[in-house]
Amino acid sequence: MNGHANGATNGDVDSSDWSPSSWRTKPIKQPVLYENEAKVDQSRLKLRHLPPIVTPTEIWKLRRALAEVAQGKAFLLQGGDCAELFDYCNDNAIESKIKLLLQMSLVLIWGGNKPVVRIARMAGQYAKPRSSPVEMVDGKQVPSFRGDILNGYQPDQRDIDPQRLVQAYFHSAATLNYVRAQLASGIADLHNPMDWNLGHVADPGLLEKYSTIVNSIRESLRFMRTVGADTAGQLETVDLFTSHEALLLEYEEALTRKLRHPSNRTTTTTKTSPAAPKVSPLTGGALLNPALTPTTSPSNSGYYNTSAHFLWVGDRTRQPDHAHIEYLRGIENPLGIKVGPTTTTPDLLQLLDLVNPRKEIGKVTLITRYGAGKVDELLPAHIAAVRESGHTVVWQCDPMHGNTRSTSSGIKTRSFDAVFAELAAALRIHKECGSFLGGVHLELTGDAVTECTGGSEGWRDEDLGLRYETFCDPRLNEKQALELAFLVADSLRA
Ligand code: PEP
Ligand code: MN
């Protein structure tokens with residue numbers, strides 16, 4: 001336990017003991033040993049001089065949207081590569097991911113009958129935690145690949161290069177620039193026809209189920225266009241937010257800025273304030289929990305991580321008294337916390353109090369990733385404890401990271417059935433516990449890779465070599481990801 005449980009800073013309460021660099025006083029997991037500190041300083045200076053990649057106004061737009069998710073009024077779709085390479089900063093790779101996330105979101109809107117908030121694991125997902133600092137490649141021991149922000153995947157590029165921190169910024173900015181440009185140019189314009197190619201679905205029952213969904217979406221869009229429902233131009237584009245794991249704190253610190261809050265910043269918290277009206281600023285309606293009251297903070301500025309809208313802490317770096325949580329507790333951005341089989345309930349509650357002492361609704365997304373075989377045993381107690389604590393979180397299921405396995409020839413993969421099994425279980429368990437699943441977190445790519453087994457293309461362990469392209473964890477390909485969205489949508493309707 002550290003000394004921060006009460007002196008929390010988030011929401012600009014008491015920032016006297018927090019600064020963008022206070023994480024440096026704490027023990028750290030996944031540390032980086034730079035050989036040349038002077039070069040790191042040069043990169044840090046450069047990063048601190050560069051403009052924000054995202055703005056407080058955008059960050060608060062996402063925070064408001066996540067508050068809606070936390071209250072069951074919207075659903076969250078988050079997805080992208082496990083390890084984003086600088087090389088993926090390329091028009092085709094970016095476009096295919098935007099299109100896939102858009103199509104999946106339409107399917108989920110159909111399923112849940114509510115808006116979908118879209119967050120890409122993209123434009124900054126360059127740092128990877130590793131279970132071992134070294135690995136064997138062709139019989140030789142080399143440092144592990146830690147993501148393009150630190151070293152290269154090729155075995156002869158494994159030395160840490162501090163200049164990569166600056167390269168990460170430019171690749172992130174260029175990626176988001178193209179995302180913004182494509183969205184502004186109509187890539188997500190629902191007036192345009194979409195390619196729903198279902199030719200790979202051999203099972204007649206599944207084909208019928210998926211076709212019904214696609215036809216229903218097409219019909220709805222046609223109807224809206226016909227009746228002129230698009231007076232506000234809402235069919236022309238969508239919001240797409242960015243996210244990555246806040247792992248490399250030198251980078252995150254350098255892009256953390258004290259900035260003015262946007263004028264429309266208002267949060268809903270569990271703190272009772274007699275003067276405040278008991279009406280949600282988010283909805284204009286009565287709050288779900290009568291103990292909740294909206295509050296605004298007296299201060300007019302706060303610390304924003306300007307490298308992405310949403311940051312999460314990984315399963316390996318979420319110790320309450322360590323550096324990563326120390327960093328995250330001071331920023332205004334919405335946060336994710338990975339919750340796995342080794343997360344104890346006391347730790348989980350302590351983490352929530354540390355990063356969200358004012359219990360702001362939807363500030364924290366709990367990203368559960370227990371594995372299909374463990375979710376029944378572990379999720380109910382976490383749901384009960386969080387409810388009891390008075391925190392209102394977004395419950396998101398990451399059905400990828402607890403379901404990784406190796407084939408007999410040593411290839412890391414995940415089976416589509418196990419992925420869907422954990423998701424279906426999470427949906428069911430939340431319902432049984434009087435809660436609801438707020439979203440999904442997926443590793444996916446818009447490309448036709450063969451990294452996960454199963455799905456309607458029926459990939460087997462023996463097929464994985466055909467197009468196994470990931471540099472870290474296996475991703476759902478375009479067809480598997482869309483199929484998962486169909487199945488989730490079907491379950492949401494049930
Ligand atoms: C990831 O999301 O790529 C990851 C490493 O997940 P986790 O921290 O849950 O293992
Ligand atoms: Mn991963």
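Which residues does K338 touch, not counting residues up to four places away in sequence? In this predicted model, K338 touches W312, V313, G314, D315, R318, I367 and R369.

**Annotated positions**

The unreviewed UniProt entry carries the feature "binding site" at R121 and K338. These positions are spread over 218 residues of sequence, yet they cluster in space, with a largest C-alpha distance of 14.3 Å.

| Residue | Strand | Other C-beta atoms within 10 Å |
|---|---|---|
| R121 | β2 (residues 116-121) | 26 C-beta atoms |
| K338 | β11 (residues 335-339) | 22 C-beta atoms |

R121 counts as buried because 26 other C-beta atoms lie within 10 Å, where the cut-off is 20 or more. K338 is buried by that criterion too, because its count is 22.

**Contacts of R121**

Leaving out residues up to four places away in sequence, R121 touches Q78, G79, G80, D81, S243 and H244. R121 itself sits in strand β2, which covers residues 116-121, while K338 is placed in strand β11, covering residues 335-339.

Definitions and conventions
Residues numbered from 1 in each chain as written. Chains lettered and ligands numbered in written order. Predicted model: local features only at pLDDT ≥ 70, side-chain atom pairs only at ≥ 80, totals over all residues. UniProt positions renumbered as here; feature names shortened; annotations may be inferred. Helix = DSSP H or I, 4+ residues; strand = E, 2+ residues; numbered from the N terminus. Buried ≥ 20, exposed ≤ 12 C-beta atoms within 10 Å, placed from the backbone. Contact = placed C-beta atoms within 7 Å.
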